[in-house]
Amino acid sequence: MGNAQDKPPGSGGGGSRSHQAAAGNGTRSRVGTAADKPQRAPGKGVANGSRRENSPAGGPEERSSPADDTSYLDAPAGALPPHLARLKNAGNHLFKHGQFGDALEKYTQAIDGCAEAGIESPEDLCILYSNRAACLLKNGDSSECIQDCNKALELQPYSLKPLLRRAMAHESLERYKKAYVDYKTVLQMDSSVQAAHDSVHRITKMLIEQEGPEWREKLPEIPVVPLTVQQQHRDKPISAEVAEARAARVAHEEARRKDACFAVLKREGNDLVKKGNFEEALQKYSECLALKPDECALYTNRAICLLRLNRFEEAKQDCDSALQMEPDNKKAFYRRALAYKGLQDYLSASSDLQEVLHLDPKVQEAEQELELVTSLLRQSLMQSSPQTPRV
């Protein structure tokens, strides 16, 4: 079982919950369960929605285990003695399986156990409070989540996860200025936390709408994270899961960049076709195909340009590619028929035009072209037939 400060959150669920605890200062009294207490509905900037799944604000770190395997309970947990380590590990396991209320109880027992045993390990207590805050956040108890995050940060200032969870809780309560400050502090420590970037962008727009152009002047002071703390976070080895999440984010951003570039190139190509600039349009469509080679419409669009440039064989090849992707694409059949006509293969052109009319009998252009191609085919057959010698 790993340190709960290093793993993205889980999702879903709810369960029993409890209130009013501090490290070594008494137990949390039971006041209800997630079944009889309404969940907080996600509002603007919801803190516990699915978009947080790969955020560093998530829950405990460990692999899922089969229901009958309890070996995870005996994993080391920092400086905690075995009986408290088992409580923490049980909480981690329950959190991973979406049982946030039950996980909360285990963390509470571990916190109370530390007080009873006189354990004063700031790092371990910080993790326990931060993990319990994650449960509270999942259950919609944002105010109590903030209290546990505050305790965790008193024990370990500039601890990233409780800071991020507190930001998310503030945001769910629509305390946007406080949330903004916490998110910006998180980004000083780790600029790769995409959840913080997304939230800062979202909250900035809200604050501009609410406070006007002078909104920055109304913010609380953003603390400056010491350089030593920043360096510690940079030097901290990342887990395989975090590395995977970062790689996925990079791939997502690259896909977005390609989509944006593709849309611009395609629009430019279409505009150039309307202006009759087929050579440049051809280049734009070719660049589009380099980004998305499986986009059928690009082949039929590029075929238009090739037809207008009398490059009939290449136009036919593009239509062939389109028909491999969409066998009933009438535009591809029609434009291939025009390419065949340019290549003087009137029989093939006639066959494609008949296919167009079979797919859509109302295509008048195909009817007209079929009449023309049929006439050209007759002429071709007459010219190619041997002359009958006179007797």
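Biologist: Which residues lie nearest the centre of the second largest pocket?

Modeller: This is a predicted model, where local features need pLDDT of at least 70, side-chain atom pairs count only at pLDDT 80 or more, and totals for chains, interfaces and linings use all residues. Residues are numbered from 1 along each chain as its sequence is written, and side-chain values use heavy atoms, with hydrogens and water left out. A pocket here is an open set of points on a 1 Å grid over the protein atoms alone, where a 1.4 Å probe fits and protein lies on both sides within 12 Å along at least five of seven lines; lining residues have an atom within 4 Å of a point. The lining has 14 residues, and nearest the centre are Ile304, Lys331, Tyr334, Arg335 and Leu338.

Biologist: Which helix gives the most to the lining of that second largest pocket?

Modeller: Helices are DSSP runs of H or I, at least four residues long, numbered from the N terminus. Both α11 and α13 supply at least two residues of the lining. The top contributor, with five residues, is α13.

Biologist: How many residues of the pocket lining are charged?

Modeller: Asp, Glu, Lys and Arg count as charged, while Ala, Val, Leu, Ile, Met, Phe, Trp, Tyr, Cys and Pro count as nonpolar and the others, Gly among them, as polar. The lining has nine nonpolar residues and no polar ones. The charged ones come to five.

Biologist: How far apart are the end C-alpha atoms of α13?

Modeller: Helix α13 covers residues 330-342, which is 13 residues. The expected span is 1.5 Å times one less than the number of residues, so α13 should span 18 Å. The model agrees, as the end C-alpha atoms are apart by 18 Å.

Biologist: Which helices do the buried residues of α13 pack against?

Modeller: Buried means under 20% relative accessible area, with a 1.4 Å probe and protein chains only. The buried residues of α13 include Phe333, Tyr334 and Tyr340. Contact means heavy atoms within 4.5 Å, and the partners of these buried residues are α11, α12, α14 and α15.

Biologist: Over in α7, why does Val200 count as buried?

Modeller: Val200 lies in helix α7, residues 194-211. Leaving out residues up to four places away in sequence, Val200 touches Tyr180, Tyr183, Lys184 and Leu187. Val200 counts as buried because its relative accessibility is 11%.

Technical notes. Buried means under 20% relative accessible area, exposed over 50%, partly exposed in between (1.4 Å probe, protein chains only).
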